[in-house]
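Please look over the model shown here before reading the report.

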Amino acid sequence: MGQEAGEKWTDAVVLQPTIPKSDRLLDPALLPLPQPLPRGGRGGRLADLLRSATERLSLTLPPREARLEAQILFAHGLGVNRAWLIGHDRDRLTPEQIAAVAALLKRRLAGEPVAYLLGEREFYGRPFRVTPDVLIPRPDTELLVELALERLPPNEALKVLDIGVGSGAVAVSLALERPRCRVTGVDLSAGALRVAEANAEALRAGVEFLISDGYEALGGRRFHLIASNPPYIAAADPHLKQGDLRFEPPLALASGGDGLDLIRRLVSEAPAHLEPGGWLLLEHGWDQAAAVRALLREAGFSAVFSATDLGGHERVTGGDFSL
Ligand SMILES: C[S@@+](CC[C@H](N)C(=O)[O-])C[C@H]1O[C@@H](n2cnc3c(N)ncnc32)[C@H](O)[C@@H]1O
């Protein structure tokens, strides 16, 4: 699922029903602060408001990250890019502009992931729309895409399946990188499939989407490559109650007592859905590679391997089925 426990989200934060006064952004009641903030609100000068927001965000983030997040939220709230902010830092914002930015900042301070606030996250060089119906695509999952592409020669029209398609990050990337392949993406969540379909349309990727519990809706169909970033966190993992994970769909995150419930099914049922010599590639948690390798070998896979992510963790395990 593209990340260690540490992020998710569920319930919406109640937004400000009224337009705040120009100094509302600096209202200490929004967040208990250790010391008075610089007064920038009187005139709503952009530079002062940005500094104030950065200070609030620095209570939980390293200073450089806090400044970057403040700029990202201001740019989004004002409908401008970050370069504009630098060129206009002496501008005074209108109460409506301050209200828009304050609402975003308030939600961020309540823990909502930036990607949900912006409604977008980049994956494999392309922008993907994200909503609370889908996991926010993680950079680690680009490894799954790369390993799949290595096994999909550009000139061959192969059949590819992505199980647990979420935002469509993996399926859409594969379809765009290998336009000759026929890519199918399945998910148990109707909400996720709607987001994936919208992303495929916006990015002009030809992907077939189906609602399905694992392989169920696929009948006897077989594929040359199956890739999946399934939910793999243990159900009782305390990280599910922390950070961004609190805001992401539980269905995308947890899978049974040891996190491997869905992976076990995907492995044991894969032989019935793979063409001879077809590959199964699975993303998993940093400490699950040995267990996933064992499952693949037990199911009769050969050339079983694990690949490490940029952090040096074994992140994707796969094998081919030649029987
Ligand atoms: C970790 S997310 C991966 C999303 C996307 N592929 C990505 O990498 O960003 C796992 C996805 O699997 C879906 N899912 C969970 N259980 C499933 C099942 N039994 N059958 C199909 N999809 C399932 C979830 O709805 C979720 O969209």
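The report below goes from the overall fold to the sheet, the helices and some backbone details.

## Overall composition

The structure is a predicted model, and its protein chain holds 11 helices and 11 strands. Of the 323 residues in the chain, 44% count as buried. When contacts between residues at least 6 apart in sequence are considered, 68% of them join residues at least 24 apart.

## The seven-stranded sheet

An open sheet is formed by 7 strands in the order β6-β5-β4-β7-β9-β11-β10, with mixed pairing. Its edges are β6 and β10, each of which pairs on one side only, and the twist from one strand to the next averages 15°.

Helix α6 lies across β7, β9, β10 and β11, running at about 25° to β11, whereas α11 lies across β9, β10 and β11 and runs at about 5° to β11.

Helix α10 (residues 261–269) contributes the buried residues Leu262, Ile263, Leu266 and Val267. These four residues lie on the same side of α10, because they cover an arc of only 130° around the axis.

## The α6–α7 contact

Helix α6 (residues 142–150) packs with helix α7 (residues 169–177) at an angle of about 35°, the axes being 10 Å apart, and α6 passes α7 in a right-handed crossing. On the α6 side the contact is made by Leu144, Val145, Ala148 and Leu149, and on the α7 side by Val170, Ser173, Leu174 and Glu177. By residue type, the contact of α6 with α7 divides into 6 nonpolar, 1 polar and 1 charged.

## The β2–β3 hairpin

Strands β2 (residues 120–123) and β3 (residues 126–129) run antiparallel and are joined by 4 bridges, with Glu122 having Pro127 of β3 as its bridge partner. Together β2 and β3 form a hairpin with 2 residues between them, and Tyr124 in the turn has a positive phi of about 50°.

Most residues other than glycine have a negative phi. Arg204 is not a glycine, yet has a positive phi of about 60°; this residue lies in the loop between α8 (190–202) and β6 (207–211). Arg204 counts as exposed because it has 9 C-beta neighbours inside 10 Å.

Ala303, which is likewise not a glycine, has a positive phi of about 50°, but Ala303 lies in strand β10. With 12 C-beta neighbours inside 10 Å, Ala303 also counts as exposed, since the cut-off for an exposed residue is 12 or fewer.

Methods. Residues are numbered from 1 along each chain as its sequence is written. This is a predicted model: local features need pLDDT of at least 70, side-chain atom pairs count only at pLDDT 80 or more; totals for chains, interfaces and linings use all residues. A residue is buried if 20 or more other C-beta atoms lie within 10 Å of its own, exposed if 12 or fewer, and partly exposed in between; C-beta atoms are placed from the backbone. Two residues are in contact if their C-beta atoms, placed from the backbone, lie within 7 Å. The arc is that of the directions from the helix axis to the C-beta atoms. Two strands pair if DSSP finds at least two bridges between them. Axes are lines fitted to C-alpha atoms, for helices over the stretch in contact, and angles run from 0 to 180 degrees between N-to-C directions. A crossing is left-handed if the near helix is turned anticlockwise from the far one by less than a right angle, and right-handed if clockwise. Ala, Val, Leu, Ile, Met, Phe, Trp, Tyr, Cys and Pro count as nonpolar, Asp, Glu, Lys and Arg as charged, and the others, Gly among them, as polar.
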